[in-house]
Amino acid sequence: RKKLFGDKNPEVASTYCNLGLAHSSMGTFDKAHFCIKRAMDTMKEIYNENHPKLGNCYMNAGSIYYNRENFEEALKFFDKALRVYKGAFGNEQHINMATAYNNLGNIYDNMKDHKKAMINY
């Protein structure tokens, strides 16, 4: 896609975002972080700060940190994603918002903060 569309293309950014998650699943975390950072940087140039695709990229970044059991960093990215989704969708119920809340609940549960976990679930 990069050869076809160039560096500053939403499809290329989405590909990097997905590659980041794939590398995380394979345990190649340095590559995962490289890909997700590249995706986020590109998306920030292309989209406004409340674009759902940027939120999706934050969700993937949070998943990478979650897979490494770095719950503090994962929390930051899932929270960023939720803020993006709220900006994009407002009060509308949307599956991405539900997923972000669920991920926050999982993190708080892993951090043994069950009260906050219940609020987000």
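Colleague: Which residues have the most contacts inside the largest nonpolar core?

Modeller: Ile36, Met40, Met43, Cys57, Tyr58 and Tyr85 have the most contacts inside that core, which has 35 residues. By nonpolar core I mean a set of buried Ala, Val, Leu, Ile, Met, Phe, Trp, Tyr and Cys residues joined through side-chain atoms within 4.5 Å. Buried is under 20% relative accessible area, exposed is over 50%, and partly exposed is in between, with a 1.4 Å probe and protein chains only.

Colleague: And which helices supply at least two residues of this core each?

Modeller: Helix H2 (10-26), helix H3 (29-46), helix H4 (52-67), helix H5 (71-89) and helix H6 (95-110) do. H5 gives the most, with 10 residues. The helices (H or I, at least four residues) are DSSP runs, numbered from the N terminus; strands would be E runs of at least two.

Colleague: Before I go on, what are the ground rules here?

Modeller: It's a predicted model, so local features need pLDDT of at least 70 and side-chain atom pairs count only at pLDDT 80 or more, while totals for chains, interfaces and linings use all residues. Residues are numbered from 1 along each chain as its sequence is written, and side-chain values use heavy atoms, with hydrogens and water left out.

Colleague: Back to Tyr85, then. What does Tyr85 touch, not counting residues up to four places away in sequence?

Modeller: With that exclusion, Tyr85 touches Pro52, Gly55, Asn56, Met59, Gly90, Asn96, Met97 and Ala100. A contact here means heavy atoms within 4.5 Å.

Colleague: How many aromatic pairs does the structure hold?

Modeller: There are 4 aromatic pairs. Rings of Phe, Tyr and Trp (its six-membered ring) pair if their centres lie within 6.5 Å; planes under 30 degrees apart count as stacked, over 60 as edge-to-face and the rest as tilted.

Colleague: Why is the pair of Tyr65 and Phe77 stacked?

Modeller: Their ring planes are at 5°, with the centres 5.6 Å apart, so the pair counts as stacked. This pair links distant parts of the chain, with Tyr65 in helix H4 and Phe77 in helix H5, 12 residues apart.

Colleague: Are those two buried or exposed?

Modeller: Tyr65 is buried at 18% relative accessible area, and Phe77 is buried at 13%. Ring pairs also join Tyr58, Tyr65 and Phe77 into a cluster.

Colleague: Switching to H6. Which of its residues are buried?

Modeller: In H6, Asn96, Met97, Ala100, Asn103, Leu104, Gly105, Ile107 and Tyr108 are buried. The buried residues of H6 pack against H4, H5 and helix H7 (114-120).

Colleague: Now cysteines. How many disulfides does the structure hold?

Modeller: The structure has 0 disulfides, taking a disulfide as a pair of cysteine sulfur atoms within 2.5 Å. For Cys35, the closest cysteine sulfur is in Cys17, 9.7 Å away, too far for a bond.

Colleague: What about Cys57?

Modeller: Cys57 is in no disulfide either; the nearest cysteine sulfur, that of Cys17, is 3.2 Å away. Cys57 is buried, with 0% relative accessible area, and Cys35 is buried at 6%.

Colleague: Last topic, charges. How many salt bridges are there?

Modeller: The structure holds 3 salt bridges, each being a side-chain nitrogen of Lys or Arg within 4 Å of a carboxyl oxygen of Asp or Glu. Lys37 meets Asp41 at 2.8 Å, N to O, Glu73 meets Lys76 at 2.9 Å, and Arg83 meets Asp79 at 3.3 Å.

Colleague: Where do Lys37 and Asp41 sit?

Modeller: They are 4 residues apart in helix H3, so about one helical turn separates them. Lys37 is partly exposed at 47%, and Asp41 is partly exposed at 33%.

Colleague: And Glu73 and Lys76, where are they?

Modeller: Those are 3 residues apart in helix H5, again about one helical turn. Glu73 is partly exposed at 23%, and Lys76 is partly exposed at 49%.
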